[in-house]
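Hello,

Here is the structure we talked about handing over. Please have a look at it, then read my notes below.

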Amino acid sequence: MSNVNPVSLIATKRDGDALSDDDLTALVDGYTEGAVPDYQMSAFLMAAYLNGLSAREAAALTEAMLASGTRIDLSDVPGTKVGKHSTGGVGDKVSPILVPLVASCGVPVAKLSGRGLGHTGGTIDKLESIPDFRTDLSVDQYRRQVADVRGVIAGQTGEVAPADKKIYALRDVTATVDSIPLIAASIMSKKLAEGNDALVLDVKCGRGAFMKTDAEARTLAETLVAIGAEHDMPVAAVMTNMDVPLGRAVGNWPEIREAIACLRGEHADTTLMKIVRGLAGEMIALGGEAETPEEGRARAREAIENGAALDRFRRLVEAQGGDPSVVEDPEIRPNSAPVAEVTAPPRAHGYVADLDALSVGQATVELGAGRQTKAAPVDPVAGLTRLKKPGDPVEPGAVLARLHASGSPDLDAVRAAVRDAYAFADAPPSTAPALKARYDTQGWTSLSEPHADPV
């Protein structure tokens, strides 16, 4: 058992002083073993949130969480394994599209994902909205699937970074999610454990992300890449826009349904697919299946067009016990029909000028798609679909969104919240770039280029 005095460590961080590597290891070990209760770890997390952690403390916290469990060995799987992680955003259904897409291009992808945090959805909750889909794979099952399917998306097992799994859930309900060092330590403890040889990070930036400003996003990207370098893992971070929801669906099954449509090639020129192809290009290049990210993006587009990516997604669903019939026909998913609509107010003339991603994410939680307490279940079908987005024409009474829920949320309150998230104007707004910048150990590269693609 760990020998730790949590009160002393909490007081040290409360007063703004630094903790040693041994202090952080003892605290993490104590929490993992149950000697430190939730309320004391919550106090530490709040102190760290308010006073920050130094680069040294963040690295030590990462190492302590990584060492709390097993590092998966995928060395017997041929090829360069490339992982992916997103820092979270509203409507972010990139992973269910990206993992099978990259795998279909010959690059093995092993991914451990989490559940929803705050107003942002979690990939595990989304995939579990597919009937019978299993994310609770053992390490052996995870390893076999990477070898057989070339792609896997699983939840954290008790063997991999168990400290992070416990702390991750606690951060969600203690308002300590959006802390750069806590985010970085959480991400990299999982990414270093999941068995990949390289990593691509999608660092979301904007109102719907945890990083609201470019400066915050850049700091997080630099912190993550530096931790990767310390562990001899090549890491590329791509900063992407998250001011408005990504895609036209928010929620668990609503986003999986949209992901399936994307894999069918139905939304090829949207901002969502620009981001998917941008990340895919990086992963395919790091995996050695393309000379450059640009060549990788071209390969990704081809894999969508020829059906290889959709076929790989179907194989992934079947391998993890999911019902493949909903991939073929998403309409047959039970309880997925809309239960209400949000209509445009009398002031809505011309075009949608703006849509606040944070407000939309919070409204989706109210529908039942997210958690407000640590142990709360989620409604797999709850969410929003057919969102009107900036640049879309609008008139009074037009449908702005459709609401989905199998429970009994306050639909009037959700309608009002979604309606208030919209702004309207006589002329269409300018469109922000989907891909903002790229960072690796060589430094920053701008990716921002004006474009007129739909969002």
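Alanine 319 is found in helix H14, which covers residues 308-319. This is a predicted model. Glutamine 141 is 178 residues away from alanine 319 in sequence, yet the two C-alpha atoms are 9.7 Å apart.

The side chains of glutamate 328 and arginine 314 meet at 2.4 Å, N to O. Glutamate 328 lies in helix H15 (residues 325-328) and arginine 314 in H14, so the pair ties together parts that are 14 residues apart in sequence. Glutamate 328 is partly exposed at 46%.

Other salt bridges

The structure holds 27 salt bridges. Here are some to look at.

- Glutamate 57 and lysine 13 meet at 3.0 Å, N to O. Glutamate 57 is in helix H4 (residues 55-67) and lysine 13 in helix H1 (residues 6-14), 44 residues apart. Are these two side chains buried or exposed? Glutamate 57 is buried, with a relative accessible area of 3%. Lysine 13 is buried too, at 2%.
- Aspartate 354 and arginine 207 meet at 2.8 Å, N to O. This pair links distant parts of the chain: aspartate 354 sits in strand S8 (residues 350-355), arginine 207 in the loop between S4 and H10, 147 residues apart. Aspartate 354 is partly exposed at 26%. Arginine 207 is partly exposed at 28%.
- Arg115, Asp125 and Glu128 are linked in a network of salt bridges.

The sheet

Which order do the strands take in the open sheet of five? The order is S1-S4-S5-S13-S14, with mixed pairing. Strand S1 (82-86) and strand S14 (443-446) are the edges, each pairing on one side only. On average, neighbouring strands are turned by 20° against each other, direction ignored.

S4 (residues 198-205) and S5 (residues 235-241) run parallel and are joined by seven bridges. Valine 203 has methionine 239 in S5 as its bridge partner. S13 and S14 pair in the antiparallel sense over four bridges. A hairpin of two residues joins S13 to S14.

Two helices lie across this sheet. Helix H10 (residues 214-230) lies across S4, S5, strand S13 (435-440) and S14, at about 165° to S4. Helix H12 (residues 271-286) lies across S1, S4, S5 and S13, at about 160° to S4.

Aromatic rings

The count comes to two aromatic pairs. Tyrosine 422 and phenylalanine 424 are stacked, 6.0 Å centre to centre with 5° between the planes. Tyrosine 422 is buried at 4% relative accessibility, and phenylalanine 424 is buried at 17%.

Tyrosine 439 and tryptophan 444 form a tilted pair, 4.8 Å centre to centre with 40° between the planes. Tyrosine 439 also has tryptophan 444, in S14, as its bridge partner. Tyrosine 439 is buried at 15%, whereas tryptophan 444 is partly exposed at 26%.

Two charged side chains sit over rings. Lysine 166 lies over the face of tyrosine 31, at 4.2 Å from the ring centre. Arginine 333 lies over the face of tryptophan 253, at 5.8 Å from the ring centre.

Best wishes

Technical notes: Residues are numbered from 1 along each chain as its sequence is written. This is a predicted model: local features need pLDDT of at least 70, side-chain atom pairs count only at pLDDT 80 or more; totals for chains, interfaces and linings use all residues. Side-chain values use heavy atoms; hydrogens and water are left out. Rings of Phe, Tyr and Trp (its six-membered ring) pair if their centres lie within 6.5 Å; planes under 30 degrees apart count as stacked, over 60 as edge-to-face and the rest as tilted. Buried means under 20% relative accessible area, exposed over 50%, partly exposed in between (1.4 Å probe, protein chains only). A charge sits over a ring if NZ of Lys or CZ of Arg is within 6 Å of the ring centre and within 35 degrees of the ring normal. Two strands pair if DSSP finds at least two bridges between them. Axes are lines fitted to C-alpha atoms, for helices over the stretch in contact, and angles run from 0 to 180 degrees between N-to-C directions. Contact means heavy atoms within 4.5 Å. A salt bridge is a side-chain nitrogen of Lys or Arg within 4 Å of a carboxyl oxygen of Asp or Glu.
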